[in-house]
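Work through the exercises below with the sequence and the model side by side, and try each task before reading its solution.

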Amino acid sequence: MRRAGIGVTVLVILLAWLFPLGAQDTRLPPVFDGAAALRHVERLVAIGPRPAGSPAAARARTYIVDELRKAGVPARVEAFEAATPHGRLPMANVVSALPGRRRDTIVIAGHYDTKWFKDFAFVGANDGGSSAALLIELARRLHARQHEYTYWVVWLDGEEARESWTSTDSLYGSRWMAAQLSKSRQLPSAVIVADMIGDRELGIRREAASTPWMSDVIWASAARLGYSAYFLPDSMAVEDDHAPFMRLGVPAALLIDFDFPPWHTAEDTLDKVSARSLEVVGKVILDALPGIEDGLSPV
Ligand SMILES: [Zn+2]
């Protein structure tokens with residue numbers, strides 16, 4: 001097709017301005033700094049293995065809190081004790097509460113602990129590192145913009161099982177937080193969980209147990225931003241930190257790329273993670289939030 005003449009171009013621009021195709025098409029693409037997120041992964045990996053209850057996990061927590069406070073983003077630490085097959089361990093979630101125009105809350109969460117292995121050093125660049133890093137940049141972006149809902153960005157401790165995955169040996173941080181919020185009748189309106197989203201070869205499937213309309217909104221944002229190659233149409237079931245909230249009736253969606261050969265091996269290292277993948281997921285989440293807010297309170 002030939003390039004349209006100037007007169008036609010002006011007319012097209014004028015018509016587009018007079019008759020916008022809808023809010024979806026006129027919204028600015030979200031801003032998310034993938035390179036900054038990758039630097040956080042690098043700093044976390046440099047700490048070494050960061051299993052829940054260890055001094056290294058405390059250092060990772062300090063890094064997250066310091067990065068937030070440096071950027072003027074509020075952060076608090078919620079400590080608790082968890083009964084594990086290795087005894088009672090001190091654990092702590094980090095919460096960045098970002099008030100909106102209303103008090104109803106949307107939680108965006110991920111874990112920052114790495115799985116404990118006796119036989120090798122597991123640094124969890126993707127599994128533990130990527131989610132923690134993504135959330136630091138998300139919190140910075142959300143702090144910088146106005147929103148209708150209140151957002152809690154949450155770094156969960158103890159997602160990983162100490163031994164093998166059971167209902168009592170896994171999801172320590174999310175189970176504790178969901179129980180606390182349920183007790184105080186402060187359950188969030190919705191929960192989004194990201195886990196293992198830094199894989200260079202990103203391919204996120206819809207998670208089968210997640211609330212379908214929330215996945216629909218997120219996948220629609222991916223398509224709108226031109227990221228359908230990374231957000232695949234098929235689904236698989238993965239139990240993760242969204243589960244304790246879903247069991248209490250909270251709508252939730254999990255974003256995870258479980259097709260990751262280095263999963264829980266010594267090969268889950270920095271070179272497996274890319275700034276691009278972190279940026280794709282960060283932008284998709286930011287883009288999806290207004291749609292999720294609309295889905296929670298239909299007009
Ligand atoms: Zn894991």
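Donors are N, O and S atoms within 2.8 Å of the metal (3.2 Å for Na, K and Ca), and because water is not among the atoms, sites may look incomplete. The model is a predicted one, in which local features need pLDDT of at least 70 and side-chain atom pairs count only at pLDDT 80 or more, while totals for chains, interfaces and linings use all residues. Residues are numbered from 1 along each chain as its sequence is written, and side-chain values use heavy atoms, with hydrogens and water left out.

**Exercise 1.** Find which residues coordinate the zinc ion, and what spacing the donors follow along the chain.

*Solution.* Start at the metal: Asp-127 (OD), Glu-160 (OE) and His-264 (NE2) coordinate the zinc ion at 1.8 to 2.2 Å. Read along the chain, these donors give the spacing D-x32-E-x103-H. Asp-127 belongs to helix H5 (residues 125-143) and His-264 to the loop between strand S8 (252-256) and H9, so this pair ties together parts that lie 137 residues apart in sequence. Here helices (H or I, at least four residues) and strands (E, at least two) are DSSP runs, numbered from the N terminus.

**Exercise 2.** Decide whether Asp-127 is buried or exposed, and do likewise for His-264 and Pro-29.

*Solution.* Apply the cut-offs, with buried meaning under 20% relative accessible area, exposed over 50% and partly exposed in between (1.4 Å probe, protein chains only). Asp-127, at 1%, is buried, and His-264, at 17%, is buried. Pro-29, in the loop between helix H2 (23-26) and helix H3 (34-47), has 57% and is exposed.
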